[in-house]
Amino acid sequence: MALHKDLPVYKLAYDLLSLATDLVRNLPRDVKASVGSRLRDECLEVLVLVARANAALDKTPHLTKLLEHLQVAELLLRLAHDKQFISHKQYARSVEVTDSVGAQVGGWKKAMAARSFTPIAADPQQVGLFNAAPPVV
């Protein structure tokens with residue numbers, strides 16, 4: 001298991017947090033406290049969940065939760081763009097980073113699902129544990 005700080009997805013999630021922090025700095029005061037703080041919190045939670053998933057044996061719940069937080073961050077960024085609080089260039093960069101994080105997490109989740117899949121034997125005789133006669137007491 002690699003250190004979470006060395007994972008490419010962690011570096012991208014950190015870039016997202018850094019970007020969100022810069023974007024929030026320039027938001028109007030009335031929006032900064034609500035949308036801005038929520039955006040930073042969601043991006044920070046994405047970063048924390050990358051570390052938790054990396055350390056966990058069962059990564060899937062953490063990755064699922066991570067994708068949910070990423071969707072909320074994307075929604076808040078879209079709102080900021082639609083209300084013209086951030087520029088097209090800033091929004092394009094944020095979409096690029098969130099898409100990249102989402103793709104890597106999706107791939108990670110898919111790899112974990114494939115790893116935990118155990119095919120059922122076609123021949124019932126191969127599954128000796130289940131066809132054995134019950135013990136006589």
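Of the chain's 137 residues, 32% count as buried. The model you have open is predicted.

**Whole chain.** Start with a cartoon view. Along the sequence the pattern reads α-α-α-α-α. Take contacts between residues at least 6 apart in sequence: 68% of them join residues at least 24 apart.

**The core.** Now select Leu39, Val50, Val101 and Trp108. These residues have the most contacts inside the largest nonpolar core, which has 35 residues. Colour the helices next. H1 (8-25), H2 (29-55), H3 (60-82) and H4 (88-116) each supply at least two residues of this core. The largest share comes from H1, with 10 residues.

Stay on Leu39 and show what surrounds it. Not counting residues up to four places away in sequence, Leu39 touches Ala20, Val24, Ala73, Leu76 and Leu77.

**H2 against H3.** Hide everything but these two helices. H2 and H3 pack at an angle of about 155°, and their axes are 9 Å apart. How do the two helices run relative to each other, roughly parallel or roughly antiparallel? Angles over 145 degrees count as roughly antiparallel, so H2 is roughly antiparallel to H3. Their crossing is left-handed.

Show the side chains at this contact. From H2, select Val35, Arg38, Leu39, Glu42, Cys43, Glu45, Val46, Leu49, Val50, Arg52 and Ala53. They meet His62, Leu63, Lys65, Leu66, His69, Leu70, Val72, Ala73, Leu76, Leu77 and Leu79 in H3. Colour by type: the residues of the H2 contact with H3 divide into 15 nonpolar, 2 polar and 5 charged.

**H3 against H4.** H3 and H4 pack at an angle of about 165°, with axes 10 Å apart. That angle makes H3 roughly antiparallel to H4. H3 passes H4 in a left-handed crossing.

On the H3 side, select Thr60, Leu63, Thr64, Leu66, Leu67, Leu70, Glu74, Leu77, Arg78 and His81. On the H4 side, select His88, Tyr91, Ser94, Thr98, Asp99, Val101, Gly102, Val105, Trp108, Lys109 and Met112. By type, the residues of the contact of H3 with H4 divide into 10 nonpolar, 7 polar and 4 charged.

**Leu67.** Zoom in on this residue, which sits in helix H3. Is Leu67 buried or partly exposed? Buried means under 20% relative accessible area. Leu67 has 24%, so it is partly exposed. Leaving aside neighbours within four places in sequence, Leu67 is in contact with Gly102, Val105 and Lys109. Draw a distance from Leu67 to Val101, C-alpha to C-alpha. They are 34 residues apart along the chain, and those atoms are separated by 8.9 Å.

**Ile86.** Finish in the loop between H3 and H4, where Ile86 lies. With a relative accessible area of 6%, Ile86 is buried. Which residues are in contact with Ile86, leaving aside its neighbours within four places in sequence? They are Leu23, Leu27, Leu77, Ala80, His81 and Tyr91.

Conventions. Residues are numbered from 1 along each chain as its sequence is written. This is a predicted model: local features need pLDDT of at least 70, side-chain atom pairs count only at pLDDT 80 or more; totals for chains, interfaces and linings use all residues. Side-chain values use heavy atoms; hydrogens and water are left out. A nonpolar core is a set of buried Ala, Val, Leu, Ile, Met, Phe, Trp, Tyr and Cys residues joined through side-chain atoms within 4.5 Å. Buried means under 20% relative accessible area, exposed over 50%, partly exposed in between (1.4 Å probe, protein chains only). Helices (H or I, at least four residues) and strands (E, at least two) are DSSP runs, numbered from the N terminus. Contact means heavy atoms within 4.5 Å. Axes are lines fitted to C-alpha atoms, for helices over the stretch in contact, and angles run from 0 to 180 degrees between N-to-C directions. Angles under 35 degrees count as roughly parallel, over 145 as roughly antiparallel, 65 to 115 as roughly perpendicular and the rest as oblique. A crossing is left-handed if the near helix is turned anticlockwise from the far one by less than a right angle, and right-handed if clockwise. Ala, Val, Leu, Ile, Met, Phe, Trp, Tyr, Cys and Pro count as nonpolar, Asp, Glu, Lys and Arg as charged, and the others, Gly among them, as polar.
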